[in-house]
Each structure stands twice: as structure tokens, then as C-alpha cells.
Amino acid sequence: MPTRSTEPGAELVLGIESSCDETAAAVVRAGREILSSVVHSQIAEHAPFRGVVPEIAGRSHLREILPVVDEALARARTTLDQVDAVAVTHRPGLIGSLLVGVSTAKALAFARDLPLVGVHHIEAHAYAAAMEHAVAYPLLALVVSGGHTALYRMSSPTSFVKLAETLDDAAGEAFDKVASMLGLGYPGGPALSALAREGDDRAFAFPRYRPRAGGAGFSFSGLKTAVLYAIRGQDAGAPPPDPIPRRADLAASFEEAVVDVLVAQTLAAARAEGLGTITVTGGVACNARLRERMTAAAAELGLRAVFPSPSYCTDNAAMIAGLGWHLLRAGRLASLELDAIAR
Ligand code: KG4
Ligand code: ZN
């Protein structure tokens with residue numbers, strides 16, 4: 001029978017992620033070597049409702065979690081006998097979704113007498129950039145997802161100081177809402193970005209939020225309202241014209257405004273903090289325009305911008321297992337009392 005005789009530093013961690021609408025499991029060695037990463041997306045289940053329905057999400061996680069864990073172990077050509085620890089997202093997220101992953105991880109840890117590690121979803125997104133690239137700390141981490149837009153100073157894979165966050169919508173949420181206004185499907189980010197490629201990004205002069213001197217932070221609600229007015233005229237309650245004229249120009253101008261705000265705030269923070277490396281993670285880090293503009297703007301200042309591959313930008317469990325390994329090494333273990341926390 002295979003035994004758990006892993007040498008210290010080469011531990012195999014099983015990661016589990018179920019905070020929103022992806023059920024995911026992964027096996028990662030030593031925090032970086034991804035042996036498998038399996039993601040079951042619920043997009044088709046939520047699409048008819050144009051957004052994530054928490055009740056549907058929880059039930060879908062419950063159906064998928066064990067097959068997804070089995071698949072991750074099989075693809076890694078390993079078994080639970082060889083796994084050294086179980087890491088699970090326990091915050092933040094939808095409570096009914098988090099509970100499925102947390103309960104599964106606890107059951108596996110208890111049954112196999114394995115160490116259990118609780119991982120913060122946003123911190124795991126930020127860590128994802130260090131899995132495929134060698135990065136030097138301290139660094140500036142921009143996390144841009146459907147639920148979060150924030151800047152952190154990271155002085156190690158496990159130490160975070162939040163420098164700024166959004167005052168209202170997350171960048172991905174703004175992409176999703178504007179995509180919906182333009183009649184695009186859910187989730188809107190990728191569809192809006194594809195449409196934007198056919199449009200003129202200077203067609204509409206949308207507002208760019210700038211914090212006051214010395215301040216920091218993002219805001220996208222004014223921009224979102226400006227797009228709404230551009231579609232419906234000054235009566236935002238009026239039904240949208242059908243078809244919406246100049247949709248591609250609207251998409252391109254909106255995308256450019258979001259990218260402008262993200263790039264300007266991130267570079268300002270990097271300079272203020274004296275940091276030479278910028279990591280960009282979370283679902284919106286898939287955005288091609290953001291990748292291109294951030295990379296060029298950072299290079300102009302002699303800074304380096306690092307992005308994970310798209311499949312490690314969106315929700316996945318490799319990032320959970322990866323950061324989980326660092327927490328394991330640091331002795332930051334959870335007990336079987338580990339709680340799921342929505343915020
Ligand atoms: O990180 P993620 O998978 O889930 C959360 O933790 O929120 O991010 C999902 C978000 C969605 O809002 C989606 O529209 C956005 O990432 N997104 C994009 C792109 N791909 C995904 N936004 C803009 N451009 C993209 N190419
Ligand atoms: Zn996420």
C-alpha cells in the first residue's frame with residue numbers, strides 16, 4: 001500500500017474550492033507543481049437567471065464535489081493515501097456553497113487523519129501568480145474578480161496588507177452588469193471583451209474614477225450608470241432601444257475606462273509603495289486588454305507585471321492547494337471546528 005512518507009517541503013496537498021459557482025479540486029506538490037486541476041463550472045445552470053442563484057449553486061456543489069475530488073486524484077495519478085494535507089476555501093463566498101467544500105474537506109481530513117488548512121479565497125487568487133512565475137517579495141497584488149477588486153502589499157505568500165479596494169462594484173461585477181445591459185449572456189466579462197474588439201474605445205467619453213490626492217481605491221458604479229444613460233438616454237428607466245445602436249463602441253469604451261482605472265491606480269500604488277513587481281489575478285485578469293495595457297504601462301516605469309494563465313485567473317483549486325501548502329509549512333492548521341464565513 002502506498003504510504004505518506006513525503007519528505008518535508010515536498011508535501012502533496014489536495015485543494016478544494018466551492019465558494020461561488022465553480023466546484024473545483026486539485027492536487028499540488030510543494031505549493032507550485034500542479035499535478036491536476038479539475039473545475040466543474042455551473043455557468044449553464046445559472047445562465048437562464050443571468051446571475052448566480054445561491055440555492056442552485058449549493059445543490060450543484062453537493063452533486064459534483066465527490067466526483068470532482070475523485071477526478072483530481074485520478075488525473076494526478078494518486079490516491080488519498082498519498083495526500084499529506086487537505087486545503088479548502090472557507091471564506092469569503094456564498095455560505096451554502098462554502099459549506100459543501102468545508103464539510104467535504106473536514107470529512108476527508110477526519111477519515112484519513114490528515115492536517116486541514118482553511119484558505120482565504122482572495123488571498124489564494126493573489127497567490128496564483130506565484131505558481132507559474134518566480135516572483136520576488138515584497139510585491140503589489142491586484143485582485144480583480146467578480147466579487148472583489150483590491151490591492152494588497154504581499155511581503156510573502158502568506159502575508160497581506162490591504163492598500164485599497166473598491167468603494168462599490170467589483171470590476172468583474174461591472175463587466176457582468178454592463179454586458180447584461182448590452183444583451184450579452186452570463187457571465188458577461190468574456191462576451192463583452194469579445195464584442196469590444198470590434199468597437200472604437202474612444203467613441204464614448206465615459207468617466208474614470210480617481211481617488212482624491214493621497215487616497216486610494218476603485219469605483220465603477222458611476223461608469224456603469226454612464227453606460228446605462230448612453231444606452232437609454234437621460235431616462236434610465238426607459239426600455240432599452242432594440243437593437244441597441246453602437247453596441248461594440250459602447251463595449252470598447254466601457255472596457256477601456258475600466259482598464260484605465262485599474263492600470264492608473266495600480267501603478268500609482270506600486271510607485272507609492274516602492275514595489276517593482278505587480279501581480280494581477282482573479283477572473284478579470286483574463287481580460288486581454290488589461291493584460292496588454294498593464295504589461296506595457298509597468299514596463300514603461302521599469303516594473304514587471306505578472307499574470308497567471310487564464311485557467312488560474314478564474315476560480316480553481318490549484319491556487320487553494322498552492323497557498324494551502326505555505327500555510328501547512330507555516331503550521332497554520334485548522335481544527336475540525338473550521339467555520340465557513342461568508343464575508
Ligand atoms: O475569479 P472569478 O472566476 O470568480 C470570483 O471570485 O468572482 O471571476 C469571475 C469574473 C466574472 O465577473 C467575469 O465576468 C470576469 O471574472 N471575467 C472577465 C473576463 N473573464 C472573466 N472580465 C473581463 N474580461 C474577461 N476576459
Ligand atoms: Zn474567485
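Biologist: In this predicted model, at what angle do the axes of helix 4 and helix 10 cross?

Modeller: Helix 4 spans residues 121–132 and helix 10 spans residues 318–329, and their axes come within 8 Å of each other. Angles of 65 to 115 degrees count as roughly perpendicular, and the two helices are therefore roughly perpendicular to each other. The axes cross at roughly 90°.

Biologist: Which residues of helix 10 meet helix 4, and how many residues of each class does the contact have?

Modeller: From helix 4 the contact draws on His121, Glu123, Ala124, His125, Tyr127, Ala128 and Met131. Their counterparts in helix 10 are Ala318, Met319, Ile320, Gly322, Leu323 and His326. By class, this contact has eight nonpolar, four polar and one charged residues.

Biologist: Which residues are the protein donors of the zinc ion (ligand 2)?

Modeller: The donor residues are spaced H-x3-H-x189-D in sequence, and the pair of His121 in helix 4 and Asp315 in the loop between strand 10 (304–306) and helix 10 links parts of the chain 194 residues apart. The protein donor atoms lie 2.0 to 2.1 Å from the zinc ion, and they belong to His121 (NE2), His125 (NE2) and Asp315 (OD).

Biologist: What is the geometry of the zinc site, judged from the angles among its four donor atoms?

Modeller: Four donors count as tetrahedral if all angles lie between 85 and 135 degrees. Here the angles run from 95 to 137°, and the site is classed as irregular.

Biologist: Are His121 and Asp315 buried or exposed?

Modeller: Buried means under 20% relative accessible area. His121 has 6% relative accessibility and Asp315 has 14%, so His121 counts as buried, and Asp315 likewise counts as buried.

Definitions and conventions
Residues are numbered from 1 along each chain as its sequence is written. Chains are lettered from A and ligands numbered from 1 in the order in which they are written. This is a predicted model: local features need pLDDT of at least 70, side-chain atom pairs count only at pLDDT 80 or more; totals for chains, interfaces and linings use all residues. Side-chain values use heavy atoms; hydrogens and water are left out. Axes are lines fitted to C-alpha atoms, for helices over the stretch in contact, and angles run from 0 to 180 degrees between N-to-C directions. Helices (H or I, at least four residues) and strands (E, at least two) are DSSP runs, numbered from the N terminus. Angles under 35 degrees count as roughly parallel, over 145 as roughly antiparallel, 65 to 115 as roughly perpendicular and the rest as oblique. Contact means heavy atoms within 4.5 Å. Ala, Val, Leu, Ile, Met, Phe, Trp, Tyr, Cys and Pro count as nonpolar, Asp, Glu, Lys and Arg as charged, and the others, Gly among them, as polar. Donors are N, O and S atoms within 2.8 Å of the metal (3.2 Å for Na, K and Ca); water is not among the atoms, so sites may look incomplete. Four donors count as tetrahedral if all angles lie between 85 and 135 degrees; four count as square planar and six as octahedral if opposite donors are over 155 degrees apart and all others between 65 and 115; anything else is irregular. Buried means under 20% relative accessible area, exposed over 50%, partly exposed in between (1.4 Å probe, protein chains only).
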